[in-house]
Amino acid sequence: MAFATFCRVVTEQSSRRSIGVPGIALVLVGAAVVLLSIRFLTWYDVPAGHDSSGDVTFGKLHGSVEQLGGAGVASAYFGWLAWVLLLGGIVAGVAANVPSPAGDPLRVAGFAVGLVGAAGTYYALAQHFNATGSTHSVFHNATWGVWAALLGFVLIAAGAALDPRRTR
């Protein structure tokens, strides 16, 4: 009886909410920025004479991390984890902004996935730098790709955390 009452109250509350267009927009903009970062942007600008590889992209980081021995999280991130975090953030973030009884847990999940994406990006880069023996910061020579990935995941988190408006 208590469970039936709880389900009725939750269903009534979720039916009084409208679709959270601002939240969905933030999630989708964040996802587009992350996708742009992964597929097209340069992550590091290597000065001439320092390295023969030229500008470093997500793909080049993926290729170089496979050659490094002790970069487990970086290997996962540049292999498949970034894609899983991106897709998980899209699904949870959009679903969190659609009226449903599972809206609150989805908001928490989408927010967490976005933050884990941003923190995972930083940690994977730091682990990659440590495995190469670099003494520089992760942000040394960082270009649009690094900043776009971090910003995109933060936008996904923010969009997922927005609560759809309640209709009157």
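# A walk from the surface to the core

Let us begin on the outside, where Ile19, Val21 and Val98 form a nonpolar patch with about 250 Å² of accessible area together. A patch here is made of residues with over 30% relative accessible area and no salt bridge, nonpolar side chains (Val, Leu, Ile, Met, Phe, Trp, Tyr) being joined within 5 Å and like charges within 9 Å. Accessible areas come from the Shrake-Rupley method with a 1.4 Å probe, and for residues only the protein chains shown count as cover. A salt bridge means a side-chain nitrogen of Lys or Arg within 4 Å of a carboxyl oxygen of Asp or Glu.

Before going further, please note that this is a predicted model, in which local features need pLDDT of at least 70 and side-chain atom pairs count only at pLDDT 80 or more, while totals for chains, interfaces and linings use all residues. Residues are numbered from 1 along each chain as its sequence is written, and side-chain values use heavy atoms, with hydrogens and water left out.

Now for the overall layout. The protein chain has six helices and two strands, and from the N terminus on its elements run α-α-β-β-α-α-α-α. These helices (H or I, at least four residues) and strands (E, at least two) are DSSP runs, numbered from the N terminus. Of the 168 residues, 38% count as buried; buried means under 20% relative accessible area, exposed over 50%, and partly exposed in between, with a 1.4 Å probe and protein chains only. The chain exposes about 9,200 Å², and carbon and sulfur atoms supply 68% of that area. Among contacts (heavy atoms within 4.5 Å) between residues at least 6 apart in sequence, 76% join residues at least 24 apart.

Gly20 has its place in the loop between α1 (2-15) and α2. Is Gly20 buried or exposed? Gly20 is buried, at a relative accessible area of 5%. Leaving aside neighbours within four places in sequence, Gly20 is in contact with Asn97 and Pro164. Gly20 and Leu162 are 142 residues apart in sequence, yet their C-alpha atoms are 7.6 Å apart in space.

What lies inside? In soluble globular proteins, nonpolar side chains tend to be buried together. In this model the largest nonpolar core has 28 residues, of which Trp43, Tyr44, Tyr77, Phe78 and Leu125 touch the most other members. Such a core is a set of buried Ala, Val, Leu, Ile, Met, Phe, Trp, Tyr and Cys residues joined through side-chain atoms within 4.5 Å. At least two residues of this core come from each of α2 (21-39), β1 (42-44), α3 (58-67), α4 (72-96), α5 (103-132) and α6 (144-161). The largest share, six residues, comes from α4.

Not counting residues up to four places away in sequence, Tyr44 touches several residues, including Val56, Leu61, Leu125, Phe129, His140 and Val146. Asp45 is partly exposed, with a relative accessible area of 40%, and is in contact with Asp55, Asn141 and Thr143, its neighbours within four places in sequence left aside.

Helix α5 holds the next stop. A search of the whole structure finds one salt bridge, in which the side chains of Arg107 and Asp104 meet (2.4 Å, N to O). Both residues lie in α5, three residues apart, about one turn of the helix. An α-helix has 3.6 residues a turn, so residues three or four places apart point the same way. Arg107 is buried at 7% relative accessible area, whereas Asp104 counts as partly exposed at 45%.

His128 also lies in α5 and counts as buried, at 8% relative accessibility. Beyond this helix, His136 lies in the loop between α5 and α6 and is partly exposed, at 45% relative accessibility.

The walk ends at α6, which has 18 residues and reaches 25 Å from its first C-alpha to its last, close to the 26 Å expected at 1.5 Å a residue. That expected span is 1.5 Å times one less than the number of residues in the helix. Buried residues in α6 include Gly145, Val146, Leu150, Phe153 and Ile156.
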